[in-house]
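I opened the notebook to go through one chain.

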Amino acid sequence: MNEIKSLADQLREKLRNGETENPQPKEQKQVAKPPPVEKRKKPPKTASNETEAQAFFQALESFQLEGKEKSLIRVDSRTMNLLKRIKLAKGIDMNRFIVYSLHQYLGQHPWLAAHIQETLKKTEL
């Protein structure tokens, strides 16, 4: 019964004794390898993207979050991962990023706030 060993026991014993299956590799025939295929590389990042990113994060950090109201919002997993990475990379709070983005969007589309006001006036209860 002591002579029956599992494959794992046999391997452990060989490793303890320093044995290997192929102590000296035999000469192998050299096979001609095809030349490696060149992958297209992405164009290098331009300095303008870097300066835009720095300006964006500078404006985001200087943005004053004045809200006292709390609101639960739902985001998809991709957006949540982005918000978490921004938090880790730049130390910017998710709420600050969301509110700043909303203010920027409304600033770029001023007609939207007026449209919402008009819609509310027309649909008074």
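The entries below follow the order in which I looked things up.

**Entry 1. Overall make-up.** I noted at the outset that this is a predicted model. I listed the secondary structure and found five helices and zero strands. Read from the N terminus, the order of elements is α-α-α-α-α. I then looked up burial: 6% of the 125 residues count as buried. The accessible surface of the chain is about 13000 Å², and carbon and sulfur atoms account for 55% of that surface. For contacts with a separation of 6 or more, I found that 67% are between residues 24 or more positions apart.

**Entry 2. The core.** Which residues make up the largest nonpolar core? I found eight: Phe57, Leu60, Phe63, Leu83, Ile86, Ile92, Phe97 and Tyr100. The elements giving two or more residues to this core are α2 (47-62), α3 (77-90) and α4. As general background, I wrote down that nonpolar side chains tend to be buried together in soluble globular proteins.

Entry 3. Ile86 sits in helix α3. Is Ile86 buried or exposed? Its relative accessible area is 11%, under the 20% cut-off, so Ile86 is buried. Neighbours within four places in sequence aside, Ile86 contacts Phe57, Gly91, Ile92 and Phe97. Between Ile86 and Phe57 I counted 29 residues of sequence separation, and their C-alpha atoms are 9.9 Å apart.

**Entry 4. Helix α3 and its end.** I checked the length of α3 against expectation. Its 14 residues, at 1.5 Å a residue, should span 20 Å. The end C-alpha atoms of α3 are 20 Å apart, so the two values agree. Just after α3 I came to Gly91, which has a positive phi of about 75°. Gly91 is also one of the contacts of Ile86 noted above.

**Entry 5. The salt bridge.** How many salt bridges does the structure hold? I found one. The side chains of Arg12 and Asp9 form a salt bridge, at 2.7 Å from N to O. Side chains of opposite charge can pair when their charged atoms come close. Arg12 and Asp9 are three residues apart in helix α1 (residues 7-17), so about one helical turn separates them. I looked up the exposure of both partners. Arg12 has a relative accessible area of 42% and is therefore partly exposed. Asp9, at 35%, also counts as partly exposed.

**Entry 6. Lys70.** I moved on to the loop between α2 and α3, where Lys70 is found. With a relative accessible area of 82%, over the 50% cut-off, Lys70 is exposed. I also looked up its distance to Asn95. Lys70 and Asn95 are 25 residues apart in sequence, with 9.8 Å between their C-alpha atoms.

Entry 7. Which residues make the nonpolar surface patch of about 280 Å²? I recorded Leu102, Tyr105 and Leu106. Leu102 lies in helix α4, which runs over residues 94-108.

Definitions and conventions: Residues are numbered from 1 along each chain as its sequence is written. This is a predicted model: local features need pLDDT of at least 70, side-chain atom pairs count only at pLDDT 80 or more; totals for chains, interfaces and linings use all residues. Side-chain values use heavy atoms; hydrogens and water are left out. Patches are made of residues with over 30% relative accessible area and no salt bridge: like charges are joined within 9 Å, nonpolar side chains (Val, Leu, Ile, Met, Phe, Trp, Tyr) within 5 Å. Accessible areas come from the Shrake-Rupley method with a 1.4 Å probe; for residues, only the protein chains shown count as cover. A salt bridge is a side-chain nitrogen of Lys or Arg within 4 Å of a carboxyl oxygen of Asp or Glu. Helices (H or I, at least four residues) and strands (E, at least two) are DSSP runs, numbered from the N terminus. A nonpolar core is a set of buried Ala, Val, Leu, Ile, Met, Phe, Trp, Tyr and Cys residues joined through side-chain atoms within 4.5 Å. Buried means under 20% relative accessible area, exposed over 50%, partly exposed in between (1.4 Å probe, protein chains only). The expected span of a helix is 1.5 Å times one less than its number of residues. Contact means heavy atoms within 4.5 Å.
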